[in-house]
Amino acid sequence: MIRLFTAIDLPDDVAETLKRRQSGLPGARWRDRDHLHLTLAFYGEIDERQADDLVVELERAATGGPFEIELEGVGAFGDAHRSRTLWAGVAASERLGVLAGRCRSAAERAGVVMERRTYRPHVTLAYLKPQADPDRIGAWMAGHNLLHSPPIRVDRFGLYSSVVTDDGGVYTLEREYLL
């Protein structure tokens, strides 16, 4: 079994801008540079045959040519009682939504069963410990909500494997697809 996802890697200058914002919030486990990416589809644990089929099917998803996206704003995922994740948002992009949909369709053609959930493009900045103060979280978000990146050219995406360790996930680029 192999744990896979597709994602867009961020340019170094954009990642560095995000890294500079990763401070000032006790209880936040900030993501390392190599974990700052924009997930297109998370496939989870799949067997080797499905992984091989997915590699081939993703070739069909890599169409349409390059496009641009912009990061915009910050927010948090969680429930009514506790935020669990801080993220940087992505401005609305039809082309990004189409690419994510193609990555999902590639999985279906490869026989990969995925969770049904609405695609909400974002870059995870931190995971929050349960003791993180909600008021401090709100203050951090208010202080960084004007985030707006310059246009980011998207001309490729990658298929990544993920191995979960005690220190977090280790991501490996398995295949790159040019648009």
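I used a 1 Å grid over the protein atoms alone: a pocket is an open set of points where a 1.4 Å probe fits, with protein on both sides within 12 Å along at least five of seven lines, and lining residues have an atom within 4 Å of a point. Points are joined across faces, edges and corners, and a volume is the space filled by probe spheres set on them.

The model is predicted, so to note: local features need pLDDT of at least 70, side-chain atom pairs count only at pLDDT 80 or more, and totals for chains, interfaces and linings use all residues. Numbering runs from 1 along each chain as its sequence is written, and side-chain values use heavy atoms, with hydrogens and water left out.

**Largest pocket.** I get a volume of about 1200 Å³. It has 38 lining residues, and Thr39, Phe42, His122, Thr124 and Tyr127 are the closest to its centre. Elements giving two or more residues to this lining include β1 (2-9), α3 (94-109) and β7 (122-128). I took helices (H or I, at least four residues) and strands (E, at least two) as DSSP runs, numbered from the N terminus. β3 gives the most, with 7 residues. By type, I noted 16 nonpolar, 13 polar and 9 charged residues in the lining. Here Ala, Val, Leu, Ile, Met, Phe, Trp, Tyr, Cys and Pro count as nonpolar, Asp, Glu, Lys and Arg as charged, and the others, Gly among them, as polar.

**Second largest pocket.** This one holds about 160 Å³ of space. Among its 13 lining residues, Ile8, Asp9, Arg153, Asp155 and Arg156 are the closest to the centre. β9 gives the most to this lining, with 4 residues. I noted 7 nonpolar, 1 polar and 5 charged residues there.
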